[in-house]
Amino acid sequence: MTQPPWRRERREQFPGVPAWSLATSRLAPEEFGVSRLEDVTREWAWGGDGTGGDGAGDGGADRADGAGVRVCVLDTGVDAGHPRVGGLERSLVVADGEDLTVVDCEPVDPVGHGTACAGVIRSIAPAVSLTSVRVLTDGRSGSGAALLAGLRWAVEEGFDLVNLSLSTTRSRYLPALHELADRAYFRRCLLVASAHNMPVVSFPWTFSSVISVASHDEPDPMTYYYNPAPPAEFLARGVRVPVAWRRGREIRSTGNSFAAPHITGICALILSRHRWMTPFQLKSVLYLAASNVVASKGGAHVRA
């Protein structure tokens, strides 16, 4: 019997893509067979793919657009005035001080990282409701306590999805983060977390209760793959991604940070069409609609 992929030796990192990722332009993702309980397709999940170049495009009148879905972006803040962002429902920051309260603030982003993530989500789910909570300062660092405070607020506010294009390597925050991730899961608040860009262990993307995302190096924003050898469960566009940036600019950037919001946007499409889904069901549909998942029908493999 062939050894399952999650028990194999981990492959070496591909040059040119972030850690935990796969250069799918050079090595095709392996097909992953599944016995379907239902015929879950992309058309069923969100109405099928669009045809746009750097955005999701228009998949037709029946295609979901994210309407009714609330997404919280925990990051460096979001510039609500950037054309790729298209406005925010609310902008907040974890205030300095002993209490680390979450308070309203101007919708700005001194770094650009959070704006980039919000713009990717908007490009895929144009009608989604976006809220920004600033927990990072310079795009590279922030206190673990601020991350916990911002995430706790987002979970208690009942967001459908939380985009976490960040992580921490500090193990002292692991228990509290794990508890929050589990609480979010059972409150039907799904956390979408990017894998670290370096081959190190960090949190919360390694938790089973979140959707963990690394990168592939193809240009289609709606192409994503199931990874049968976690901890990164899905691979989405993350190499030379056109993103919104500070001061109204647009740049191309690489990182698992930009792969995660692609999956967040696709999750928003699914939820806007199937509002009853639990995080478990949503992750299952995401898996069944992945570009490399195949189903066995009468002995012949049919691509999903």
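Biologist: In what kind of crossing does α3 pass α4?

Modeller: This is a predicted model, and in it α3 passes α4 in a left-handed crossing.

Biologist: How are two packed helices described?

Modeller: By the angle between their axes and the distance between the axes. Here helix α3 (residues 144-156) and helix α4 (residues 174-186) pack at an angle of about 15 degrees, and their axes are 10 Å apart. Angles under 35 degrees count as roughly parallel, and α3 and α4 are therefore roughly parallel to each other.

Biologist: Which residues make the contact?

Modeller: On the α3 side they include Leu147, Leu148, Leu151 and Val155. On the α4 side they include Ala176, Leu177, Leu180 and Ala184. An α-helix has 3.6 residues a turn, so residues three or four places apart point the same way.

Biologist: Now the sheet. What is the order of its strands?

Modeller: The sheet is open, with nine strands in the order β4-β3-β5-β2-β6-β7-β8-β10-β9, and its pairing is mixed. β4 (102-104) and β9 stand at the edges with a single partner strand each, so one side of each has no neighbour in the sheet.

Biologist: Which residues does Leu286 touch?

Modeller: Leaving aside residues up to four places away in sequence, Leu286 touches Ile211, Tyr224, Phe234, Ile263, Ile266, Cys267 and Ile270.

Biologist: How many residues are in the largest nonpolar core?

Modeller: There are 50, and Leu286 is one of those that touch the most other members, along with Trp46, Leu161, Ile211, Tyr224, Ile263 and Ile270. Helix α5 (residues 256-273) gives the most to this core, namely 10 residues. A second, separate core has 44 residues, including Ala19, Trp20, Leu191 and Val239.

Biologist: What should I know about backbone angles?

Modeller: Most residues other than glycine have a negative phi, and most peptide bonds are trans. Arg188, in the loop between α4 and β7, has a positive phi of about 60 degrees. Arg240, in the loop between β10 and β11, has a positive phi of about 50 degrees.

Biologist: Where is the cis peptide bond?

Modeller: The cis bond joins Phe203 and Pro204, with omega about 15 degrees. Pro204 lies in the loop between β7 and β8.

Biologist: Is Pro242 buried or exposed?

Modeller: Buried means under 20% relative accessible area, and Pro242 counts as buried because its value is 9%. Pro242 is in strand β11 (residues 241-244). By contrast, Arg240 counts as exposed at 52%, and Arg188 is partly exposed at 45%.

Conventions
Residues numbered from 1 in each chain as written. Predicted model: local features only at pLDDT ≥ 70, side-chain atom pairs only at ≥ 80, totals over all residues. Heavy atoms only, no water. Core = buried A, V, L, I, M, F, W, Y, C linked by side-chain atoms within 4.5 Å. Buried < 20%, exposed > 50% of the residue type's maximum accessible area, 1.4 Å probe, protein only. Helix = DSSP H or I, 4+ residues; strand = E, 2+ residues; numbered from the N terminus. Contact = heavy atoms within 4.5 Å. Axes fitted to C-alpha atoms, helices over the stretch in contact; angles between N-to-C directions. Parallel < 35°, antiparallel > 145°, perpendicular 65-115°, else oblique. Left-handed = near helix turned anticlockwise from the far one by under 90°. Pairing = 2+ DSSP bridges.
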